[in-house]
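Please look over the sequence and the model below before reading on.

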Amino acid sequence: MNHVFKSTAAVFSLVGAISATAAPIIPSFSTFGTLAGATFGGSGIPNNAVAITNLTGLTLGLTATPRFAAANPTNNGAGTFTARPGLSPNPPSSAADPYALWNFSFFLGGTGVANAYFRLFYDFNPAVGNDQLTHGVFAAPGSVLANPTQDSYNLGMDFLATTNPAIGITAPAGVFNPNAQGQYSFALVAYTSITGAEIGRSAIVVNVVPEPGTFALAGLALLGLAAARRRA
């Protein structure tokens, strides 16, 4: 796969010097809605529910989108998405290489891209409120990026789970489980330089929960079990 955050080992020799904030990631954006011109590197990927941050010479966008024909994640219009747990049926996803039913998709562009440094934070741990410092990070100077830079990633992609300074990845601890219920958080952050101050960010959270019908079926099953015990 040809990933957009890429460069040489020399460029990323300082990738560990992250000026990150020690705090949970919460939804952050200037506007929430359609990001005109964003394709997220694919065909037919929705761009109508994007956390958009507009800065001087920069536009950052982050959203949760379906993987292939999976149910589209819903959202509350304020940067919080809801997706279903489960293993994607589309290759290369498999029991041995598990992908989620949903992706996180990002966009960055503008006249100031080459003058900034960027980090894309992502989360493997479904616990609520994980500190940003526990997240994986994909880091790159804007000077080596395409303009615009955009793509759609799945947390099940192998490259996200492997620390690789040559392409700017510091993987999070643990293993992603697409069947796990909980909350995952993401942030696309612009900085003045590799060790500089944060300029701004787009951030979202994705709550992974069963469909309402699953709760109803579980409730009926419990009622049936209780009735059977009473009859016994």
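Phe 40 sits in the loop between strand 1 (31-33) and strand 2 (50-55). Strands here are DSSP runs of E with at least two residues, and helices are runs of H or I with at least four; both are numbered from the N terminus. Phe 40 has a positive phi of about 55°, although it is not a glycine. With 0% relative accessibility, Phe 40 counts as buried; buried means under 20% relative accessible area, exposed means over 50%, and partly exposed lies in between, all with a 1.4 Å probe and protein chains only.

The model is predicted: local features need pLDDT of at least 70, side-chain atom pairs count only at pLDDT 80 or more, and totals for chains, interfaces and linings use all residues. Residues are numbered from 1 along each chain as its sequence is written, and side-chain values use heavy atoms, with hydrogens and water left out.

Strand 2 runs antiparallel to strand 3, and five bridges join them. Two strands pair if DSSP finds at least two bridges between them. Across this pairing, Thr 53 stands opposite Leu 60 in strand 3. The hairpin of strand 2 and strand 3 has two residues between the strands, and in it Gly 57 takes a positive phi near 75°. How much of strand 3 (residues 58-66) is buried? Eight of its nine residues are, so strand 3 is largely enclosed by the rest of the structure. Strand 3 is also joined to strand 6 by eight bridges, and these two run antiparallel. Leu 62 has Phe 106 in strand 6 as its bridge partner.

Seven strands form it in the order 4-5-12-11-7-8-10, with mixed pairing. Strand 4 (74-75) and strand 10 (169-170) stand at the edges with a single partner strand each, so one side of each is left without a neighbour in the sheet. Strand 4 pairs with strand 5 (residues 80-83) in the antiparallel sense over two bridges. Asn 75 lies in strand 4 and stands opposite Phe 81 in strand 5. Asn 75 is partly exposed, with a relative accessible area of 34%. The C-alpha atoms of Asn 75 and Ala 49 are separated by 7.6 Å, while the two residues are 26 residues apart along the chain.

A pair of aromatic rings is described by the distance of the centres and the angle of the planes. Rings of Phe, Tyr and Trp (its six-membered ring) pair if their centres lie within 6.5 Å; planes under 30 degrees apart count as stacked, over 60 as edge-to-face and the rest as tilted. By this rule there are 14 aromatic pairs. Phe 104 and Phe 186 form a stacked pair, 4.6 Å centre to centre with 25° between the planes. Phe 104 is in strand 6 (residues 102-109) and Phe 186 in strand 11 (residues 182-191), so the pair links distant parts of the chain, 82 residues apart. Both Phe 104 and Phe 186 are buried. The ring centres of Phe 106 and Tyr 153 are 5.1 Å apart and their planes are at 65°, so this pair is edge-to-face. Phe 106 lies in strand 6 and Tyr 153 in strand 9 (residues 149-153), so the pair ties together parts that are 47 residues apart in sequence. Phe 106 and Tyr 153 are both buried. One aromatic cluster includes Trp 102, Phe 104, Phe 106, Tyr 153 and Phe 186.

Two peptide bonds are cis. One joins Pro 91 and Pro 92, with omega about 5°, and Pro 92 is in the loop between strand 5 and strand 6.
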